[in-house]
Amino acid sequence: MKTNFNRFILLWMGQLVSAIGGGLTGFGLGVYVFEKTGSAAGMALVTLLGFLPTLVLSIPAGVLADRFDRRLLMMLGDGLSGLGIAYILFCMINGGATLAQICTGVCISSVFSSLLEPAYKSTVTDLLTEEEYSKASGLVSLAGSARYLVSPVIAGVLLSFSDIKLLLVIDICTFILTVISTFVVKRGIKEKKTVAQEPFFVSMKEGWNALKNRRGVFLLVLISALLTLFIGVFQVLAEPMVLSRADAKTLGVVETVCACGMLVSGLFLGIKGIKSGYVKVLSFALAFAGLFIIGFGSVRNLILVTVFGFGFFLALPFANNCLDYLVRTNIPDELQGRVWGIVGFLSQI
C-alpha cells in the first residue's frame, strides 16, 4: 500500500506543477486584459470561457473515465490543453492578442482540460485506501492553493522585468512535466478492462441515478455548488478590486498571503488528516468560510481584505476534505468517473 501512496505522490506532484503553471497564465492574462481594457467584465469573460467548456463536458468526461484508462485520459487532457495556451502565445508574438483571441485560447485549453478532473478523482480512489483519502484530499487542496500562493508571487516578479509571454512559455513547459509524471504512474497500474459497455447515454444515466439515489451525497453536492459560488465571486472580483487601488506586484502579494490560508490547512490535513466527525467539521468550515467572505466584501482597507481572504482560504480545505471523503466513500469504484463528472458539473454551474 505504501507503493500506491508513493504513486499518488508522484501524480500529485505533476498536478502541483500544472497548478503553478496554470496560475501563472491566469494571473498574467488577468493583468493583461485589465490593462488593455480597464474592464472587470473582460476579465470575467476570460474566466468564464476558461471553465465553461469544462463545465459542459464534465459529465461526458466522467463516462469516458469509467470506460477507458483514466491515466491516459489525464495525459491527453494535460498535454492537449497546452494547445490553447500556445495559440495565445503565438498571437502575442505576432503583434499582441486581442480579447477575442485570448478567449479562444482559454476555451480550447478548457475543452481538453475537461478530461482531467473525473479521471484524476477516480485515480485517487484506484490508488488509495479509505484511511488515506483524507490525507490525499489535504494534499490535493495544497496543490490547488499553489495556484494562488506560489503563482502570483512568481508572476509578479517575472512581470516586473519581462512580459506575459514568459509566463505562457513556463505554463506550456509544465504540461510536459505533468504528462511525464502521469505516464510513470500509468505504467504501475493495471488497466481495468470492461467486458461489455452499455450505450453512452445509458451509462451517463447510471451515474446520475447513483448520485440521486444517495440523498445525503446529493445534498453534499448542492453544498459544494454553494461553496464554489463563493470561490467564483472571489476569483472574479478580487483582482480588479485590488488593481483599482494598487499595482500588479501588490496584487500578487495580496493573493499570496490570502492563499497562505490554504497552505496552512492543506499542510495540516496532508500530515494529520481528519479521523472522524466529517459532518461536524464540514459544518464549522462552511460557517467560517461564509463569515470571512462577508468580511472580505465589506471592507476597503487592503490589510483587512487580505486578513479576511486568508481566513476564507483557511476554511476551504477542511470543507473540501470532508466533501471529498463523504462522496468518495459512498460511490462504487466503477461509477466514480461518472459521479465525479456530474459532481463537477453541478458544483461548477
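**Salt bridges in an all-helix model**

Hi everyone, let's start in helix α12 (residues 302–328), where Asp-324 and Arg-328 sit 4 residues apart, about one turn of the helix. Their side chains meet in a salt bridge, 2.9 Å from N to O; the term means a side-chain nitrogen of Lys or Arg within 4 Å of a carboxyl oxygen of Asp or Glu. Asp-324 is buried, with a relative accessible area of 8%, and Arg-328 is buried at 4%. Buried here is under 20% relative accessible area, exposed over 50%, partly exposed in between, with a 1.4 Å probe and protein chains only.

A word on the source: this is a predicted model, where local features need pLDDT of at least 70 and side-chain atom pairs pLDDT 80 or more, while totals for chains, interfaces and linings use all residues. Residues are numbered from 1 along each chain as its sequence is written, and side-chain values use heavy atoms, leaving out hydrogens and water.

Stepping back, the protein has 13 helices and 0 strands; helices are DSSP runs of H or I, at least four residues, and strands are runs of E, at least two, numbered from the N terminus.

How many salt bridges does a search of the whole structure find? There are 9. One of them joins Asp-66 to Arg-338, with the closest N and O atoms 2.8 Å apart. That pair links helix α2 (residues 40–67) to helix α13 (residues 336–348), 272 residues apart, and both partners are buried. They also belong to a salt-bridge network with Asp-69, Arg-70, Arg-71, Asp-126 and Glu-206.

By contrast, Lys-165 pairs with Asp-163 at 2.7 Å, and here Lys-165 is partly exposed at 27% relative accessibility, as is Asp-163 at 33%.
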